[in-house]
Amino acid sequence: MNDDCNAICLWSSSLGPRRQIEVEDDGLEEDDEYWKKVDSANKRGSLLEVVQILTDMNLIIKRAYISSDGGWFMDVFHVTDQYGNKLSDDNFAQRIQQTLGPRGCSFPSLTRSVGVQAAAAAGCTTIELTGEDRPGLLSEVFAVLADIKCNVESAEVRTHNSRMASVVYITDEVDRLPIEDSLRLADIKRLLLYVLKGNRYKRSANSSVSVGSTHTERRPHQRMYADRDFDTNDTDFGSVSESVKPRVTVEGCADKGYTVINVRCPDRPKLIFDTVCTLTDMQYVVFHGIIIVEGLEAIQEYYIRHIDGCPINSEAERQRVMHCLEASIRRRTSEGVSLELCCEDRVSLLSDVTRIFRENGLSVARAEITTKESLAENVFHVTDASGIPVKLETIEAVRNEIGKSILRVKNDVYSSSTLPHPTLPRISRYHSY
């Protein structure tokens, strides 16, 4: 075992309709690692739920072994903290136990283009957006929210294949409470829909009120999948370096009745969540799998069937799965420059910052917006709006205008466009499923 990782062993058996969870320390130590066991009833979506929890805890999965069939599964995850260090918190297994406890799972509708949901329990109102991406779009969205006295508490923004999807959490600018007035919510939807539609694009947005719970990481995947951002051809990869282009193969395994999926791409945080989330939302079940991270490259292999029990049996379906997995990886792949903003939160902060980006010819390809008490901690992944590489003088001009002490270039090894591809063994057929 790698002594820089913690190993989590999750064993589940079918224990009837009521879900039961038990986490126990087996007392097994090897190379300073320890195992944690989780007993629970297996159900559709169990793998995604576990991976989602590890992702929400900011854990990095370095290796994983997945095996399930019928009413049981046996999953082992080797994890580190978000900085690549071995976990020092002995209570993290208890936190997994608490999160995996009996609770319902919701699968929100995928058809909305603009949704506004009053989420009083979370202390915010949730806005979901989908539309045609264009330079300055995020700046326009934040400007509208600032004009109508809405404060952005947090947000997740992604773009891919000329489409944009985001989940934005807002409060009232004055009292910082959720916005629940139906007339005001309708006005917010109307104005944002107007921004998304613009006047130049044929693919217009629709609006509706979102229902059900929202998971910030999963929801943009669902919205972009529903928006068919995976519709592509080989020419769409023309601007993508070969070193960051995901390589996905879909093959049959007729003797076992599975379809075998292999994914090779540069490693990055939340990569496993993105692929497992996509397979789950496409109505596929992962029965077995192996995940290996070696250096800067990750290899994933999954043995899957559709929820109806059948493997992939047509070329059209095979191509669709390949394109959807490639899209799920590229939505969070960082090209361009990552800028980290850390300062006291204030009214119109995001509107002002994104306006400066736009005025300097930068487009926001991806953004993670968070507010902790009164501190804004935001990361923007920016590209040149004209398609050329971002110039150093442009970044310096932006930093001078916003403030060099609060805006810095993020040192992110995962955003490099020159990641090497070490030679790794093909892990297929190592196991007789």
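Colleague: Which residues are buried in H3?

Modeller: This is a predicted model, in which local features need pLDDT of at least 70, side-chain atom pairs count only at pLDDT 80 or more, and totals for chains, interfaces and linings use all residues. Residues are numbered from 1 along each chain as its sequence is written, and side-chain values use heavy atoms, leaving out hydrogens and water. Helix H3 covers residues 137-147, where helices are DSSP runs (H or I) of at least four residues and strands (E) of at least two, numbered from the N terminus. Buried means under 20% relative accessible area with a 1.4 Å probe, counting protein chains only, and the buried residues of H3 are Leu137, Leu138, Ser139, Val141, Phe142, Val144, Leu145 and Ala146.

Colleague: What covers the buried residues of H3?

Modeller: Contact here means heavy atoms within 4.5 Å. The cover includes helix H4 (182-197) and helix H8 (349-359), and it also includes strands E7 (124-132), E8 (150-160), E9 (163-172) and E15 (362-372).

Colleague: At what angle do H6 and H7 pack?

Modeller: Two packed helices are described by the angle between their axes and the distance between the axes. Axes are lines fitted to C-alpha atoms over the stretch in contact, and angles run from 0 to 180 degrees between N-to-C directions. Helix H6 (residues 271-281) and helix H7 (residues 315-330) have axes 9 Å apart, and their packing angle is about 145°.

Colleague: Which residues of H7 make the contact with H6?

Modeller: From H6, the contact is made by Leu271, Asp274, Thr275, Thr278 and Leu279. On the side of H7, the residues are Cys324, Leu325, Ser328 and Ile329.

Note on methods
Buried < 20%, exposed > 50% of the residue type's maximum accessible area, 1.4 Å probe, protein only.
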